[in-house]
Amino acid sequence: DRFSDFFREPLFSHSSVHKEVHAINSEHLKNVRSPDRRIAATLDAIADPRSPVSRFKTGDINTLYRDPKKKHIDPVAALKTYFKNHYC
């Protein structure tokens, strides 16, 4: 049951969160130039602003890590709070 504990009670250590943010950023940068992504972005831009479709769908190192730190928000603490509020 160690595997299931990973999903029930993740550790969210600073080093693993930082590493994951870099992985997400790499994937985001890879997808930015994708023709499919550009089509999706165009459709998102013309969507009703009240619709969830019109909202930003991916994060990068700035939105997930640097911007919160500039606002004196610990990204790891925020992640733990989000997890607790939405998954527990």
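**Entry 1: salt bridges.** I searched the whole structure and found one salt bridge. I note that this is a predicted model. Which residues form the bridge? I looked it up: the side chains of Arg50 and Asp48 meet there, N to O, at 2.8 Å. That falls within the 4 Å cut-off for a salt bridge. I then checked how open each partner is. Arg50 is exposed, with a relative accessible area of 70%. Asp48 is partly exposed, at 35%.

**Entry 2: Asp60.** Asp60 sits in the loop between helix 3 and helix 4, the latter spanning 61-70. Is Asp60 buried or exposed? I find it buried, yet without a salt bridge. The nearest side chain of opposite charge is Arg66, 7.5 Å away. A salt bridge needs a nitrogen within 4 Å of a carboxyl oxygen.

What lies around the side chain of Asp60? I looked at backbone nitrogens. That of Asn62 lies 2.9 Å from a polar atom of the Asp60 side chain. The backbone nitrogen of Thr63 also lies 2.9 Å from a polar atom of that side chain. I then set aside neighbours within four places in sequence. Asp60 is in contact with Asn25, His28 and Tyr65.

**Entry 3: a nonpolar patch.** I looked for nonpolar side chains on the surface. Ile39, Leu43 and Ile46 form a patch there. Together they have about 330 Å² of accessible area. I followed up one of them, Ile46. Ile46 lies in helix 3, residues 35-46. Ile46 is exposed, with a relative accessible area of 66%.

Conventions:
Residues are numbered from 1 along each chain as its sequence is written. This is a predicted model: local features need pLDDT of at least 70, side-chain atom pairs count only at pLDDT 80 or more; totals for chains, interfaces and linings use all residues. Side-chain values use heavy atoms; hydrogens and water are left out. Patches are made of residues with over 30% relative accessible area and no salt bridge: like charges are joined within 9 Å, nonpolar side chains (Val, Leu, Ile, Met, Phe, Trp, Tyr) within 5 Å. Accessible areas come from the Shrake-Rupley method with a 1.4 Å probe; for residues, only the protein chains shown count as cover. Helices (H or I, at least four residues) and strands (E, at least two) are DSSP runs, numbered from the N terminus. Buried means under 20% relative accessible area, exposed over 50%, partly exposed in between (1.4 Å probe, protein chains only). Lys and Arg count as positive and Asp and Glu as negative; His and the chain ends are not counted. A polar contact is a pair of N or O atoms within 3.5 Å; within protein, one must be able to donate a hydrogen and the other to accept it, and residues adjacent in sequence count only if both atoms are side-chain atoms. Contact means heavy atoms within 4.5 Å.
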